Amino acid sequence: MIVLMTEWQLHVPLAELRRSVDLLMDHVEAATDGDTIRLDQDYFWSIPQDALYDVDHTPADLTLGQLSWSWEHLTDLLADPDRAIGYHLVWLSEVLRAIGTVARIGDI
């Protein structure tokens with residue numbers, strides 16, 4: 001059993017977060033031939049939000065996510081930046097996770 005500290009919070013300075021993203025994008029660009037990354041998998045397992053951080057229980061209802069759908073939301077955002085919502089960060093994280101997996105196994 002995991003003992004949870006309910007008062008704990010992580011404070012993430014936005015400037016450091018932006019710097020981390022910039023550094024990692026520089027790394028990916030330097031390791032990539034060309035200006036795109038090929039992702040060979042489209043579907044992935046997703047944990048529903050209400051179960052994602054409930055570490056005392058094993059998620060019972062996994063759902064499917066789709067990278068192409070997440071990417072479509074991001075390209076729609078680029079076409080209309082005024083429609084940005086917080087959930088765009090979730091779609092971005094799904095794409096970045098896939099890129100990180102490719103980078104980890106050395107395909108870029």
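Entry one: salt bridges. I counted one salt bridge, taking the term to mean a side-chain nitrogen of Lys or Arg within 4 Å of a carboxyl oxygen of Asp or Glu. The partners are Asp-40 and Arg-38, whose closest N and O atoms are 2.7 Å apart. Side chains of opposite charge can pair when their charged atoms come close.

A note on the source: this is a predicted model, where local features need pLDDT of at least 70, side-chain atom pairs count only at pLDDT 80 or more, and totals for chains, interfaces and linings use all residues. Residues are numbered from 1 along each chain as its sequence is written, and side-chain values use heavy atoms, with hydrogens and water left out.

Entry two: Arg-38. I found Arg-38 in the loop between helix H1 (14-31) and E1; helices (H or I, at least four residues) and strands (E, at least two) are DSSP runs, numbered from the N terminus. Arg-38 counts as exposed because its relative accessibility is 61%, and Asp-40 is exposed too (buried is under 20% relative accessible area, exposed over 50%, partly exposed in between, with a 1.4 Å probe and protein chains only). I also looked up Ala-98: its C-alpha atom is 10.0 Å from that of Arg-38, though the two are 60 residues apart along the chain.

Is Ser-46 buried or exposed? Ser-46 is buried, because its relative accessibility is 17%. I placed Ser-46 in strand E1 (residues 43-46). Leaving aside neighbours within four places in sequence, Ser-46 is in contact (heavy atoms within 4.5 Å) with Leu-62, Thr-63, Leu-64 and Gly-65.
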